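Here are a few exercises to work through with the model open in your viewer. Try each task before reading its solution.

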Amino acid sequence: MEDRMSAVSDQSGIVYRNQKKRYPWWVKSVDEPTIEIDLEKTTPPSIYKSTALVQRFLHRKDYKEFIKRFPNIGTKRHLGVDTLLKTYDHREALVKKMVQEGIPGSTQKDLALAYAAYSLYYDSYIPLEELTERTSFENMTEKAGVQPWQGTPEEASNIIEKAARVLGAGQIGITTVDPNYMYPLSEGGKNAKPLPPEMKYVIMIVTPWLPEGTRRADTGMGFMANRVHTFLEQITSFGLRNFIKGLGYSYTVLHAPWPAFAVISGLGELSRVNRVVSPIYGAGINLYGIVTDLPLAIDKPIDFGLQTFCKKCKRCAEICPVGVVSKKDEPSWEVEGEWNTPGKKVFFEKSKACIAYQIKNHSSCSLCMAVCPWTKQDISVIHRVAKPLSAKFPWAASLMVMMDKIFGYGPTKDPKKLEEWWELDLPAFGIDTTRKRH
Ligand code: SF4
Ligand code: SF4
């Protein structure tokens, strides 16, 4: 436990936000997450064992050389360098073929846009802090020579939420640091230090996906959407970090698997995909975690009936092209591989096959998340009704799933519908800003 990024945070003086203001009436606040957790059975999560790590570097010009370095982490650890090199060649040939043949969803213009979006995402890994430090407006507290901003924890949470929303977040959740769910300090890089006790507040940011891009999941257009929302997650979190700094407080990026903190801070429940599903945005979300010493009022976990719903639904498991998502009737304590963190009773997934499929097909796939009834429920009146019904009567999930199949607005590979994207009158960033939380 000493190896974790923080000591157990001091919970004295912690206050809660008014949970009734967070969600519509059918989402309950609860004291504990809705999945079973047994800390006796857990081991520390490991960033090196994550399947996604390193995948993002696929577009480096020196990729073939790059992946030979640090062969025991992330994607390389699970797939092996030789397989990755072969998959890379397959992917490059596939892109060429799709463009030359004009495959719907991956035509020349589709993939040109996908790469334009990817350039935003990729370039956002340039150190944005360095860019800010070149400016003169980075820290309003220092510039004006005043004390750090003062207010109650409730007021602080309110201004953080308003700032996050205007900077691009769909929603935020607030909780405290919990070393049980943190990566080890030894995986934090050579300059990693334990968090001081005052750095105990965690702000989790949700950035929603582009619905019309998500609908085209597992095509070049879906890949484009994936890159846009990942970029938005980067700039939103970056803006919020500068806001905290401008108020005179400190921040650092949360060194932990973010879904755990999203669940604890009540942004959603853990689903059959073993990812967070939000009652507002469904599975179509990106997450980002920031730690700060600005004293905040925190949130509780939530329950909107997803555990019962997922047992009946299985749409994500049915659509997965490579059998990654569990089709079992009940969750389990048994992990599927070292990428899973034990100590929770959930539907563990075969992540290795997922990442191999995504790299090979150049698509970011996301079919499981696009098909989830919660991802698209506010598209039509029928879903507006189904959402509270599903939350209040999750045993009726089979009926809701049938309705979703009939009326749903699920992922499509219909060439006509893929091409229709270019005729849509889309809002900024493709995200419908009229989507309300209530
Ligand atoms: S992203 Fe695709 S391959 Fe991965 S679990 Fe979801 S459906 Fe399966
Ligand atoms: S598709 Fe169904 S089973 Fe899968 S996460 Fe969504 S609600 Fe749960």
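**Exercise 1.** Work out the strand order of the open sheet of 4 strands.

*Solution.* Step one: the order reads β3-β4-β8-β5, with antiparallel pairing. Strands here are DSSP E runs of at least two residues, helices are H or I runs of at least four, both numbered from the N terminus, and two strands pair if DSSP finds at least two bridges between them. Step two: β3 (171-176) and β5 (251-253) each have a single partner strand, so they sit at the edges with one side lacking a neighbour in the sheet. Step three: from one strand to the next, the twist averages 30° (axes are lines fitted to C-alpha atoms, for helices over the stretch in contact; angles run from 0 to 180 degrees between N-to-C directions).

This is a predicted model, where local features need pLDDT of at least 70, side-chain atom pairs count only at pLDDT 80 or more, and totals for chains, interfaces and linings use all residues. Residues are numbered from 1 along each chain as its sequence is written, while chains are lettered from A and ligands numbered from 1 in the order in which they are written.

**Exercise 2.** Find which residue in β8 stands opposite Thr252.

*Solution.* First, β5 pairs with β8 (residues 285-292) in the antiparallel sense over 3 bridges.

**Exercise 3.** Which strands does helix α9 touch?

*Solution.* Helix α9 (residues 220-246) packs on the sheet against β4, β5 and β8; contact requires C-beta atoms, placed from the backbone, within 7 Å. Its direction makes about 20° with that of β8.

Note on methods
Contact = placed C-beta atoms within 7 Å.
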